[in-house]
Amino acid sequence: MLFQILSFLLEVASGLLTGACLLRLYMQWQRVSFANPVGRLVFALSDWLVLPLRKLVPAAGRWDLSSLVAAFLLQLVQYLLLWLLLGAGVGLAWLPWVAVFSLAHVAVSGLMGLLIVYAVLSWVQTRSLISDVIARLCEPLLRPVRRVLPLVGGIDLSPLVLLVLLQVLSIVLGHLQAGVMR
């Protein structure tokens with residue numbers, strides 16, 4: 001039971017910080033301003049790790065690779081700590097691969113969360129800084145789906161279709177991660 005509690009708390013903490021680093025990467029890639037509540041939260045959660053890494057890891061065009069490296073390191077540390085809690089019985093060779101799959105899973109989960117918030121905000125038709133930021137982050141993902149899927153009775157089902165596709169991707173990533181751990 002204690003391992004389960006510690007594992008859960010570690011997953012929540014590393015997931016939040018990893019998600020902030022990945023959101024920082026995606027916001028910079030989409031050229032979304034950080035002068036809003038979402039941007040300030042992302043900076044507050046990720047500056048302590050991303051800024052020192054910038055001295056070692058340069059950006060590649062619009063990609064802030066230090067944010068990506070920070071997210072990977074957070075996942076690697078999470079699984080290293082779990083490995084130590086389990087008694088370090090299995091070899092360390094699989095840890096980087098598990099961290100890569102976990103990083104991809106956090107990215108997919110984060111996109112699903114963004115899409116759910118986007119869909120809910122589209123129902124209430126509120127205009128705010130946060131809804132504008134979320135719309136700017138979701139629109140590039142929804143655009144390809146909208147090209148293929150027409151409006152059904154005047155309702156845009158593209159967020160639902162993309163959520164289903166992301167859930168399928170999440171299942172595939174979970175199975176790949178489990179296969180690496182065997």
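This is a predicted model: local features need pLDDT of at least 70, side-chain atom pairs count only at pLDDT 80 or more; totals for chains, interfaces and linings use all residues.

User: Why is glutamine 30 called buried?

Analyst: Buried means under 20% relative accessible area. Glutamine 30 has a relative accessible area of 16%, so it is buried. You will find glutamine 30 in the loop between α1 and α2. Leaving aside neighbours within four places in sequence, glutamine 30 is in contact with Arg62, Arg136, Leu137 and Pro140.

User: What makes α1 roughly antiparallel to α3?

Analyst: Angles over 145 degrees count as roughly antiparallel. α1 and helix α3 (residues 65–85) pack at an angle of about 170°, and therefore α1 is roughly antiparallel to α3. Their axes are 8 Å apart. As for the residues of this contact, 14 are nonpolar, 8 polar and 2 charged.

User: Which residues have the most contacts inside the largest nonpolar core?

Analyst: Those are Met27, Leu115, Leu137 and Cys138, in a core of 23 residues. Two or more residues each come from α1 (2–29), α2 (37–54), α4 (95–124), α5 (129–148) and α6 (158–181). The largest share, 7 residues, is from α5. There is also a second, separate core of 11 residues, with Leu53, Ala70, Leu74 and Leu103 among them.

User: How do you know what methionine 27 is in contact with?

Analyst: Contact means heavy atoms within 4.5 Å. Leaving aside neighbours within four places in sequence, methionine 27 is in contact with residues including Val32, Phe34, Val42, Val133 and Leu137.

Key: Residues are numbered from 1 along each chain as its sequence is written. Side-chain values use heavy atoms; hydrogens and water are left out. A nonpolar core is a set of buried Ala, Val, Leu, Ile, Met, Phe, Trp, Tyr and Cys residues joined through side-chain atoms within 4.5 Å. Buried means under 20% relative accessible area, exposed over 50%, partly exposed in between (1.4 Å probe, protein chains only). Helices (H or I, at least four residues) and strands (E, at least two) are DSSP runs, numbered from the N terminus. Axes are lines fitted to C-alpha atoms, for helices over the stretch in contact, and angles run from 0 to 180 degrees between N-to-C directions. Angles under 35 degrees count as roughly parallel, over 145 as roughly antiparallel, 65 to 115 as roughly perpendicular and the rest as oblique. Ala, Val, Leu, Ile, Met, Phe, Trp, Tyr, Cys and Pro count as nonpolar, Asp, Glu, Lys and Arg as charged, and the others, Gly among them, as polar.
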